[in-house]
Amino acid sequence: MGRGAVLLEARAGAGMSWASWSEFVAMGGQGAYVWGAFVVCAVALALEPWLLALRRRNIVDYLRRGAGQG
Amino acid sequence: MPMSIADRLRYAAPQAFYTLAGRLVPWLAVSAVLAGAAGLYVAFFVAPTDAQQGEVCRIVFVHVPAAWMSMFIYVVMAFWAAVGLSLNTRLAFMMAHALAPTGAMFTFLALWTGAIWGKPTWGAWWVWDARLASELILLFLYLGYMALNAAIDDPRRADRACALLALAGTLNLPLIYYSVPNIAGRMPLQGVLIMGAAFWMYSIALALSRVRCVILEREQESEWAGAQFCSRLEPGPA
């Protein structure tokens, strides 16, 4: 049993819904819906800053070359 | 002669704002991550299972804040568009441009999480009612705004065209607002507000980071922009 599962079980005593990792992942049989929503949100929220960093690198590289001043 | 306040807004703002925004972004990003972690903790370890819906009710913690952001960001974008059109300030148009992609992303997330919630709860991914249709129109407004901005080469013309589109699109907002049932009493408001705060911080951080990019792109021929990154262009003792 991993450390995470121990933590989860420790918390389960305090009125939490999950007794184990597998229960947590299964989400009462609705895991596909729950994780389908949360994971896509996480991916989108990570992708946007990443794309923006690429955009910034583009313009910063251009300016670093001194290209803006001809 | 000293510059008037209006002149300052018109000419000096982008450069000064570039620096100010750069100082704010790290704080906002850290706040967003902390609030997001707290929101997730509440969503998965504090909120109880819903008696009727089951675990799928936890989607409320991302769906409702995403739907809020999709509308708030549009209001702020339209506000900057109006400021840009009426005062002719470049920075206002740039702010509007910087907000559109983040707004589009939250609108997509609101639709996506809504569909995933709707299927197990009401038996359908999608229905053509006023609420969903107006949220879909909102997504098209954001995408249309971005496409219009990309399609017009002259930035001054693109600014004005986009601003007009953004203002026309505000007609869609009451449609969404009044078609969404008031569920404030039926959801775990505190947790939703924590996640809402995280999304707010995230949005402001992203919009400010993006407006810095837009400023550099627009001002790439200016001396100050070059001097930010190119040592041989550093301004000498003037």
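# A walk through chains A and B

Start with both chains in view: where they touch, chain B contributes 34 residues and chain A contributes 28 residues, two residues being in contact if their C-beta atoms, placed from the backbone, lie within 7 Å. You are looking at a predicted model, in which local features need pLDDT of at least 70, side-chain atom pairs count only at pLDDT 80 or more, and totals for chains, interfaces and linings use all residues. Residues are numbered from 1 along each chain as its sequence is written, while chains are lettered from A and ligands numbered from 1 in the order in which they are written.

**Stop 1: the side of chain B that touches chain A**

Select α3, α7 and α8 (223–229) of chain B, the elements that give two or more residues to this side. Helices here are DSSP runs (H or I, at least four residues), strands are E runs of at least two, and both are numbered from the N terminus. Which element gives the largest share of this side? That is α3(B), with nine residues. Colour the side by class and you will find 19 nonpolar, eight polar and seven charged residues. In this scheme Ala, Val, Leu, Ile, Met, Phe, Trp, Tyr, Cys and Pro count as nonpolar, Asp, Glu, Lys and Arg as charged, and the others, Gly among them, as polar.

**Stop 2: two crossing helices in chain B**

Now select residues 90–122 of chain B, helix α3, and residues 189–218, helix α7; their axes come within 8 Å and cross at roughly 130 degrees. Axes are lines fitted to C-alpha atoms, for helices over the stretch in contact, and angles run from 0 to 180 degrees between N-to-C directions. The angle makes α3(B) oblique to α7(B); angles under 35 degrees count as roughly parallel, over 145 as roughly antiparallel, 65 to 115 as roughly perpendicular and the rest as oblique. Show side chains at the contact, including Met94(B) and Leu99(B) from α3(B) and Leu206(B) and Val214(B) from α7(B). The residues of this contact are 10 nonpolar, three polar and two charged.

**Stop 3**

Move to α4 (residues 130–151) and α5 (residues 155–169) of chain B, which pack at about 170 degrees with axes 9 Å apart. That angle makes α4(B) roughly antiparallel to α5(B). Among the residues in contact are Leu141(B) and Tyr145(B) of α4(B), and Ala161(B) and Leu165(B) of α5(B). How many charged residues does this contact of α4(B) with α5(B) have? There are no charged residues, alongside eight nonpolar and three polar.

**Stop 4: chain A, coloured by confidence**

Chain A has three helices and zero strands. The chain A average is 80, with the lowest mean, 47, in helix α1 (residues 3–12) and the highest, 94, in helix α3 (residues 31–64). Select residues 5–15 of chain A, where pLDDT stays under 50. Where pLDDT is low, the predicted coordinates should not be read in detail.

**Stop 5: two residues with positive phi**

Click on Met27(A), in the loop between α2 (21–26) and α3 of chain A. Its phi is near 50 degrees, a positive value in a residue other than glycine. Is Met27(A) buried or exposed? Met27(A) counts as buried because it has 21 C-beta neighbours inside 10 Å. A residue is buried if 20 or more other C-beta atoms lie within 10 Å of its own, exposed if 12 or fewer, and partly exposed in between, with C-beta atoms placed from the backbone.

Finish at Asn88(B), in the loop between α2 (60–87) and α3 of chain B. Asn88(B) is not a glycine, yet has a positive phi of about 55 degrees. With 15 C-beta neighbours inside 10 Å, Asn88(B) counts as partly exposed.

Note on methods:
pLDDT = per-residue confidence, 0-100.
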